[in-house]
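Take a look at the structure below. A short walk through its parts follows.

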Amino acid sequence: MGYEREHAPGTPSWVDLTSPDLVVTARFYGGLFGWETAVVGTVERTGGYLAFQTEGHHVAGLGRLTGDEPPSWTTYFAVPDADEFEAAVVANGGATLGAPTDVPGVGRMALFIDPPGAVFGVWQAGEVRGAELIEAPGAMCWN
């Protein structure tokens, strides 16, 4: 299983969910969509981040919620340069929630909020390109 799938700039390339209880959440979505979960990297490196899988392909992520915000899904859009994108967000009236940050060995990410308040992320692919399967049962098809 590789991460070779390319996602055109501006298209959704990944989605993930933050939850205070990874076990209950994984069981819920496993029952709904038949997803299995796989540990991604070491707990020290990822904080226990999991990948939801269908047919052995990573289709979404699950991370531990930290803070007082409610559990939520976040869509990440493919960008060639997260830092340049941050400048464009700010120039167009948005704000940075999480500055562009390296995810060691896999890529670079950032979180933003648009002027009305919608939260979204960007993914600058490195070794991990994003979702390995899209537009298939159990995979991302419309964001």
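Which residue in β8 does M109 stand opposite? M109 stands opposite W123.

This is a predicted model, where local features need pLDDT of at least 70, side-chain atom pairs count only at pLDDT 80 or more, and totals for chains, interfaces and linings use all residues. Residues are numbered from 1 along each chain as its sequence is written, and side-chain values use heavy atoms, leaving out hydrogens and water.

Start with confidence. pLDDT is the predictor's confidence in each residue, from 0 to 100. The protein averages 90, and 94% of the residues score at least 70. Among its elements, helix α2 (residues 43-46) has the lowest mean pLDDT, 68. Helix α3 (residues 82-91) has the highest, 98. Helices (H or I, at least four residues) and strands (E, at least two) are DSSP runs, numbered from the N terminus.

Now the strands. Two strands pair if DSSP finds at least two bridges between them. Strand β7 (residues 107-113) runs antiparallel to strand β6 (residues 95-103), joined by 6 bridges. Here V103 stands opposite G107. Their hairpin has 3 residues between the strands, and G105 takes a positive phi near 80°.

β7 also runs antiparallel to strand β8 (residues 119-125), with 7 bridges. This hairpin has 5 residues between its strands. G117 in the turn has a positive phi of about 115°.

Last, turn to helix α1 (residues 22-33), where L32 lies. L32 is partly exposed, at 49% relative accessible area; the term covers values between buried (under 20%) and exposed (over 50%), with a 1.4 Å probe and protein chains only.
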